[in-house]
Amino acid sequence: AAAREARRKGGPVNVLTGPARMNKLQEAEDYREKARKAMSRTLFSKPDPIAASMFYHRAAEAYKALGENRLERLHRIASGDCQMGHGAYAYAAAEYCRAAELSACSEETIERKRAECCKLYGDAARAWENVEKERGKVAECRMKSGFSLLIGIVDSNDRQSLMNMDRKALKIIEEAVESHVPDPLNRYWNFRQIGPSAYIDTEEEGDDGNNNSTLDATKNTSPDNIDYDRLQLCEANLITSSYAHEPLQEAVHKLVGLGEYPSALYAAGAASAILENDSFATISLSRAFCIETILALAIGDVITADNSFLKIHLQKNSYLTSRECKLAEDLIRAIKMRDPNALDEARDTSASGPNRAALTNLHTSLRLLVQGLRISGVAKTSAAAAASKPKVNPNVPHTHIQGQRMMPPPPTSLPKPSPQQATSSQVQSNSGQFDRIDVPPKPSQTLPTTDAKPERNLNSEIEANFAEMDDLMNDMGLNDDEDDDDIDLT
């Protein structure tokens with residue numbers, strides 16, 4: 001019964017019930033007591049973190065079998081602390097990451113989840129820092145630490161800007177991007193929004209003679225003018241491990257979904273730098289270049305997109321023959337020429353679209369971003385597109401013709417017209433009587449259509465036309481009673 005209730009609620013399934021559960025619970029308590037004794041100091045012994053970490057790990061595994069999220073999380077944190085005490089940094093990082101995953105799916109409040117996950121992933125990053133040749137895992141844990149502060153946020157519809165919500169999250173994410181690729185090796189380093197670079201001196205402090213601090217922002221502000229030794233340090237700290245670009249591309253997708261296009265372009269530049277360093281990357285590099293172009297156009301900087309496309313992207317022979325190159329070229333040309341028809345054709349995803357294959361290979365967030373590109377200004381976000389739609393009252397009947405909303409149908413009763421309006425709107429027949437004016441039907445009966453025509457009394461109209469022509473002929477003296485031979489036509 002407990003297992004069925006857990007499945008219904010979507011929580012963990014307790015595989016142990018009855019006496020087996022009680023025995024496993026007693027086993028976990030025994031391991032916990034052994035770990036406490038191992039860390040206690042007596043007259044003849046000192047704390048043993050090696051044994052304590054083992055007992056805490058076994059207790060955590062026992063609580064895992066029982067489905068106890070909170071107890072498992074606490075014992076894994078204790079095991080990780082003991083592992084750090086005797087230098088087993090890799091095991092400690094694994095315990096911290098597992099504890100962070102448990103905290104993310106726990107029943108704690110959103111604020112507590114964010115704080116715990118951010119701290120645990122940060123502890124895992126500090127543990128990996130003590131392991132040689134594992135800088136990629138350090139950067140990955142830092143990236144997860146930053147995105148842990150965004151737990152509970154789906155997309156940009158939940159808030160206006162990540163900068164306005166939590167600057168700490170964006171700061172940690174951008175620091176994690178620099179942990180993958182130092183800023184001097186990232187050609188989009190100037191799109192970083194928060195925090196200075198650890199490899200670039202953005203300002204130097206001085207004194208103007210009046211005990212006032214002055215800042216010189218013109219010295220060492222660009223990766224182009226750094227010294228050779230610092231450039232060598234940046235190249236040594238570049239992450240070159242396998243699949244190192246995947247955390248950066250995941251960060252790009254999340255930042256695009258949150259509407260932070262400059263930070264997304266900064267992360268995309270770092271991912272491209274890693275792929276460019278690998279001489280075997282072809283398809284992944286082509287897609288990375290295309291993402292750079294899309295993000296540059298999304299922030300409204302068509303000059304940056306065009307310069308990067310001509311001076312950097314086209315220098316790769318593999319990119320010249322790719323479908324992503326054609327998509328990027330079509331988007332840049334359409335926006336430079338300010339041609340909305342060409343822009344719609346370039347991003348057409350139908351079967352006849354010229355760039356359908358290239359768009360299909362992009363992430364969903366990037367495909368939506370391409371659909372929001374405009375010939376001028378910043379691309380539309382999903383929240384802005386939803387706000388631009390007119391609000392429709394469901395209680396008011398309406399019809400649609402070619403995507404346009406029509407006015408509600410007229411009421412069933414019309415106001416009584418004045419005598420002047422009646423003489424101008426009604427048709428007089430040959431007999432001197434007025435024809436009946438038809439009242440439009442109710443909306444529930446028939447709806448107005450563009451092809452519907454009002455009923456007309458053709459016989460009355462023909463007789464009225466003949467009568468009008470007879471009057472004109474009488475005024476001109478061309479009656480039928482007169483003899484046409486008497487008229488001199490010369």
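**Helices, contacts and loops in a predicted chain**

Trainee: How far does helix 12 (residues 261-277) reach from its first C-alpha to its last?

Mentor: Helices are DSSP runs of H or I with at least four residues, strands are runs of E with at least two, and both are numbered from the N terminus. The expected span of a helix is 1.5 Å times one less than its number of residues. Helix 12 has 17 residues and an expected span of 24 Å, and its end-to-end C-alpha distance is close to that, at 24 Å.

Trainee: What pLDDT must side-chain atom pairs have to count?

Mentor: Residues are numbered from 1 along each chain as its sequence is written, and side-chain values use heavy atoms, with hydrogens and water left out. This is a predicted model, in which totals for chains, interfaces and linings use all residues, local features need pLDDT of at least 70, and side-chain atom pairs count only at pLDDT 80 or more.

Trainee: How many of the 17 residues of helix 12 are buried?

Mentor: Buried means under 20% relative accessible area, exposed means over 50%, and partly exposed is in between, with a 1.4 Å probe and protein chains only. Helix 12 is largely enclosed by the rest of the structure, because the number of its 17 residues that are buried is 14.

Trainee: How far apart are the end C-alpha atoms of helix 13 (residues 283-298)?

Mentor: Of the 16 residues of helix 13, 13 are buried, so this helix too is largely enclosed by the rest of the structure. Helix 13 is followed by Gly300, which has a positive phi near 85 degrees. Its 16 residues should span 22 Å at 1.5 Å a residue, and this agrees with the distance between the end C-alpha atoms, 23 Å.

Trainee: What share of the chain counts as buried?

Mentor: The chain has 22 helices and four strands. Contact means heavy atoms within 4.5 Å, and among contacts with a separation of 6 or more, 59% join residues 24 or more positions apart. Of the 490 residues, the share that counts as buried is 35%.

Trainee: Are helix 5 (residues 89-104) and helix 6 roughly parallel or roughly antiparallel?

Mentor: Axes are lines fitted to C-alpha atoms, for helices over the stretch in contact, and angles run from 0 to 180 degrees between N-to-C directions. Helix 5 and helix 6 have axes 8 Å apart and pack at about 165 degrees. Angles under 35 degrees count as roughly parallel, 65 to 115 as roughly perpendicular, over 145 as roughly antiparallel, and the rest as oblique. The orientation of helix 5 to helix 6 is therefore roughly antiparallel.

Trainee: How many nonpolar residues are in the contact of helix 5 with helix 6?

Mentor: The contact includes Ala93, Tyr96, Cys97 and Ala100 of helix 5, and Glu116, Leu120, Tyr121 and Trp128 of helix 6. Ala, Val, Leu, Ile, Met, Phe, Trp, Tyr, Cys and Pro count as nonpolar, Asp, Glu, Lys and Arg as charged, and the others, Gly among them, as polar. Beside one polar and four charged residues, the number of nonpolar residues is 14.

Trainee: Is the crossing of helix 14 (residues 302-311) and helix 16 (residues 323-336) left-handed or right-handed?

Mentor: The two axes come within 11 Å and cross at roughly 140 degrees, so helix 14 and helix 16 are oblique to each other. A crossing is left-handed if the near helix is turned anticlockwise from the far one by less than a right angle, and right-handed if clockwise. By that rule, the crossing of helix 14 and helix 16 is left-handed.

Trainee: Is Arg76 buried or exposed?

Mentor: Arg76 is in helix 4 (residues 69-85). Leaving aside neighbours within four places in sequence, Arg76 is in contact with residues including His57, Glu61, Glu95 and Leu102. Its relative accessible area is 4%, so Arg76 is buried.

Trainee: What is the relative accessible area of Lys133?

Mentor: Lys133 is in the loop between helix 6 (110-128) and helix 7 (135-148). Its phi is near 60 degrees, a positive value in a residue other than glycine. Lys133 is exposed, because its relative accessible area is 81%.

Trainee: How far apart in space are Pro354 and Asp330, C-alpha to C-alpha?

Mentor: Pro354 is in the loop between helix 17 (340-346) and helix 18 (356-360), and is partly exposed at 41% relative accessible area. Not counting residues up to four places away in sequence, Pro354 touches Lys326 and Glu345. Pro354 and Asp330 are 24 residues apart in sequence, and their C-alpha distance in space is 9.7 Å.
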